[in-house]
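Me: Hi! I'm new to this one and would like a friendly walk through it. Can you take a look with me?

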Amino acid sequence: MVYRPSPSDSAVRRVPTTLTPTRATGVPVSRARTTPAIAPLESWAVAPPAAASNAAQPIRQTRIVLMRNAPNGSEARPQQMRRARDGERRTTRSAAPTVRYGQPVPVQRTRLPLLFVDRTKVPAAPPMRAQGARQGGARTPHPDPEPSQTIVRTINTRDFSRATRSTSRQINRLILLNLVRELQPISRADLARRMAVGRGMVTTLVKELLAEGAVYEGALADVPRGRRPKMLHVRTRDRLVVAIDIRFSRTYVLLSDFGGNEMALESFATIFNPDQLLDELAIRVRRLLRTRATGGHCEGIGMVVPGMVDRRGRVLNAPQLGWRDVQIRSGLAERTGLPVHVENSGAACALAHIWLGPGEGGNGVRDFVYVTVSDGVGTGVVVNGELVRGHGHTAGEFGHIPIGPDGPRCVCGAQGCLEAHTSNLATVARYVGHEQSPAVAPPLFPQDGITMDDVIVRAGAGDERARAALTETGRYLGLGLAAIVNALNPAQIVIGGEITGAWDLVEPAIRAEIARRALTREAAGTPVVPEPAGSLPRLRGAIALVAAPVYAAPEVG
């Protein structure tokens, strides 16, 4: 190291000391009259050739100069240096010869606390040609940088969940349970390989889950040699859920198991008075459980509504139903004696896609937006595998973003909403020639006797007016999806609802609008995937409201 004096050295003489990089102790220098400083880059001497012996394993080094003020006219002696407080770690190093004014002078051994020297090993960079270097007459391309995978999650110090001794065990149990759920039937040996743990740990965890009744052992598997393993399954058949989907036109009640397998389904015309609707639902739920749930236990009711719902199950605003500040969770729980979970339709569909979708989460997409197009338009936003709910539990109301200020009036009271252009009600109104408005929309379905399914069937039969109505709906839907792509940049958009039955007609219009309005080429290629027709995504979302918490990861931090 070369120390070059600055003009300020005329007032205070300084003694430089070089620390050899070593493992950091984490002990800062905080003593009186001891000032740590990093010397300028130009003040360091070139390392001697012997230092290049470690080039095979480069080390990220932080060179530090510790300078101590000395009285004028005297040199600071090591024995005069103030010792660190009791408990601080000390280290002794021999300082390398220091060059002062071009002449080497010896430096005595000193005892100083080590100051945060980073000795982290880093991979050696591949040799690179200088920019513009050529090989065979061609310019050498620069390698693309690796994408950053850094995810920063802050800890709320006012509202947190503390980890305990059992937290790691609980997480491992849930990992194992989810692997069984997605890969069943599966053996203990396969679970150990997938979790990269010993067979003993897997055996212990499986015993606990068997005792709780979360999993069960099935038939013996055929193997080429060795002991035949017992295959594991998640217990779902006798764990039942009642799913309720409330729509503007009809209300559906479904009895299923935890795996989403349908056992009974019935529907009736929606009753808009909340108390009368809850009375009717309670009667139907009790009848279904009495007649169709033999040998099973109902673990709760999941209810999906076309509106904004808070954390307490209160419907804040459901324009299609004319509800504001209606508490339906506690009312249905009192009438049935069962736990009740209430959620917005778009958010519930997103949950269904996470927990009960194709491959049950095996597709690897953890950032997507689910758009359900039915009597209304709802959206569920999923980021890093978690549903975004917002501060007031009302995030994702993209159905009411304005598409055009001069468009038809929406049932919410505003004008030109995405829902007013693209809902089933809007498509049918466009086909029959009605203007959609709060005064016209309620009697529209019974008056004309035409449903969205009728329009799709007529379009498939060659009805040009039906085809034009569906194409126009696809164009407006593309406008709304382009706004979602630019605002959220999802990896995928999933479309659910009756409109997927005419996907060959609406997809070209959707893709054209997204391509025209997306801000980047990558965003323009965002996949837009239709939910399989007849999959009942809203009812499956209601099932997920009850079943998903059993498999969800614990919240820590």
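Predicted model: local features only at pLDDT ≥ 70, side-chain atom pairs only at ≥ 80, totals over all residues.

Me: What kinds of residues make up the lining of the largest cavity, nonpolar, polar or charged?
Reply: The lining has six nonpolar, seven polar and three charged residues. Here Ala, Val, Leu, Ile, Met, Phe, Trp, Tyr, Cys and Pro count as nonpolar, Asp, Glu, Lys and Arg as charged, and the others, Gly among them, as polar. Residues are numbered from 1 along each chain as its sequence is written, and side-chain values use heavy atoms, with hydrogens and water left out.

Me: Which residues lie nearest the centre of that cavity?
Reply: Those are E343, N344, A347, H393 and A395, out of 16 lining residues. A cavity is a set of points, on a 1 Å grid over the protein atoms alone, where a 1.4 Å probe fits but cannot get out, and lining residues have an atom within 4 Å of a point.

Me: And how much space is in there?
Reply: About 120 Å³. That volume is the space filled by probe spheres set on the grid points, which are joined across faces, edges and corners.

Me: Which element gives the largest share of the lining?
Reply: Strand 22, with three residues. The elements giving two or more are strand 17, strand 20 (340-344) and strand 22 (377-383). Strands (E, at least two residues) and helices (H or I, at least four) are DSSP runs numbered from the N terminus.

Me: New topic: L289. Where is it, and what does it touch?
Reply: L289 is in helix 4 (residues 274-292). Leaving out residues up to four places away in sequence, L289 touches V242, L255, C298 and L338; contact means heavy atoms within 4.5 Å.

Me: Is L289 buried, exposed or partly exposed, and why?
Reply: L289 counts as partly exposed because its relative accessibility is 23%. Buried means under 20% relative accessible area, exposed over 50%, and partly exposed in between (1.4 Å probe, protein chains only).

Key
1 Å grid on protein atoms, 1.4 Å probe; cavity = no way out; pocket = protein on both sides within 12 Å on 5 of 7 lines; lining within 4 Å.
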